[in-house]
Amino acid sequence: MSRTRCDQTPAWGALQSAFDATGRAFDVRTAFATDPQRFETFSQSAPLVFADLSKNRIDAATEALLLALAQQTGLAAHRDAMFAGDKINTTEGRQVMHWLLRNPPLALMNKARQALQNVASELSAVHATLDAMLAYAEAVRADDGITDVVNIGIGGSDLGPQMAVLALDEFVLPGKRFHFVSNVDGHELAAVLRKVQPEHTLFLVASKTFTTIETMTNAHSAKAWFEAQGGTDIARHFAALTTNVAAANAFGISTCFGFWDWVGGRYSVWSAIGLPLAMAIGAQGFREFLAGAHAMDEHFRTAPLERNLPIRLGLLDVWYRNFHGFTSRSVAPYHAALKRYPAYLQQLEMESNGKRVDAQGQALPYATSPVVWGEPGTNGQHAYFQMLHQGTDVVPVEFVAVKTPKHSLPGHHTLLLANAVAQAQALMQGKADQGGHKHFTGNRPSTFLLLDDLSPASLGALIALQEHRVFVSGSVWGINSFDQWGVELGKVLAKEVDVRLGSGDFSALDGSTAGLLTRLRNDSPCTGTAVSH
Ligand code: F6P
């Protein structure tokens, strides 16, 4: 499989020329006025997701050039290499097969997918583990003695399951409470421990590596708390979700659900890391979650590039980041249950594509990952939408809305949907005003993703869509989206600083670090005090 870096393709130069000629001044309002078919051209259905891209600064000629860019960089071959089980995570020498976790068993697949034969043994291991994990999830659901499930994990071992359990709250089994402890800040664990009783609690220690300091610290404290309360049955009250079963056993946990090094942490909600979700929504719900994602995998794998939603979104990301120079993307889920969706997407995009070198380690002359941020609507409207409408930066917004609510409170849902649509409309239309302060420039781009309902299947499809769009931009940028060396330095230094805080040896440190540590170790307060009136 050969990949060509985007800046070494003819399409890259052609895109720059197109941007200089028409792209910079492109006005979405004019585009709608001159093309009655614009909505049809720039909207599409994908499995369980409808997408309107028509309010973006893009026309057919630009999209054709972006598709040429995809072809010239070898995007399709790179995608196919991922689905063939090739070791495309080159810096770690690993396959990238989170998609296999949602693949039906080989026996259920048609002839075309018999091509999966080269990962057949992995697929049967996936299903054996899935069956075991779902049987355990059902047993815990049926066990009235367990009222509280505490997931201890961080990063991908927290964000995915937490986001999904919250998103699918309407499907969660009544009578069970789910808690997520990620931060090494003891306040978080202490707050949960205040609410639970040892004999009714199941701790899930979720860590791909089973070495992450935050998770290990929390797991040790949870175990110490459990034993201090008289708890003895670790096998009943602790389970581990990890690729490192030996370390979990050494920790004293015998109930383990494994996965594999070819599942990246931020892509692991489909694996044993999804166990809290399976316990919350049940085995059938979890299988629907996987099925929704698999439908999106098949769309990404087989749809023609020009009607392939992850490809269209990923290429738009490249257009905005590298030609328009937009530095961030705001995500606005118009559903309160999607409150952790922006945080989830932050790790997915920024840990995958926040890279300054290509897959060969050469420094890149162009920008990669945007900053991804956001809050559920309508809350965001009363916080930072001011800046989206009238700030000096243009920030593309990606709305997500859900057509059918799960509640029956009159009026709420239409008002919610009206707000989502109106915000996208306002960003595009703008409003003229002589005085300046009330002037909206408009022409501010947005994408609108629409789900029929928020269900395990549609959430699975939405998340797989996001995974694949991140793959697309990362592939075009020529980077390895599947490693995360950038988190290592801070981890190493934190250990050293921890030792120095204990010892008081601040020799050979920079002035700022030594100054802060001195203040943290001193008995005297760091600040003055407020005088009460
Ligand atoms: O901080 C980086 C990271 O390795 C993430 O990629 C990962 O999701 C998280 O830490 C947690 O890792 P683990 O599941 O091994 O505890």
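Domain bounds come from an automatic or database domain assignment.

**View 1. Division of the predicted chain into domains.** In this predicted model, the protein chain is split into three parts: domain 1 (6-97 + 309-478), domain 2 (101-279) and domain 3 (488-521). A distance of 31 Å separates the C-alpha centres of domain 1 and domain 2. To their contact, domain 1 contributes 30 residues and domain 2 contributes 25 residues.

**View 2. Area buried between domain 1 and domain 2.** The two domains bury about 2400 Å² between them, and carbon and sulfur atoms account for 62% of this area. On the domain 1 side, the residues that lose the most area to domain 2 are Met 97, Arg 340 and Tyr 344. Together, these three residues make up 25% of what the domain 1 side buries.

**View 3. Salt bridges and polar contacts across the interface.** Three salt bridges are found across the interface of domain 1 and domain 2. Asp 261 forms a salt bridge with Arg 94, with 3.7 Å between the closest N and O atoms. Between domain 1 and domain 2, nine residue pairs are in polar contact, both residues being at pLDDT 80 or more.

**View 4. Helices and residue classes on the domain 1 side.** Helix 14 (341-353) and helix 17 (456-477) each provide at least two residues of the side of domain 1 that touches domain 2. Helix 17 gives the most to this side, with eight residues. By class, the side of domain 1 that touches domain 2 comprises 16 nonpolar, seven polar and seven charged residues.

Notes. Residues numbered from 1 in each chain as written. Predicted model: local features only at pLDDT ≥ 70, side-chain atom pairs only at ≥ 80, totals over all residues. Heavy atoms only, no water. Contact = heavy atoms within 4.5 Å. Buried area = accessible area lost by both parts, 1.4 Å probe. Salt bridge = Lys/Arg side-chain N within 4 Å of Asp/Glu carboxyl O. Polar contact = N/O pair within 3.5 Å; in protein donor to acceptor, adjacent residues only side chain to side chain. Helix = DSSP H or I, 4+ residues; strand = E, 2+ residues; numbered from the N terminus. Nonpolar A, V, L, I, M, F, W, Y, C, P; charged D, E, K, R; others polar.
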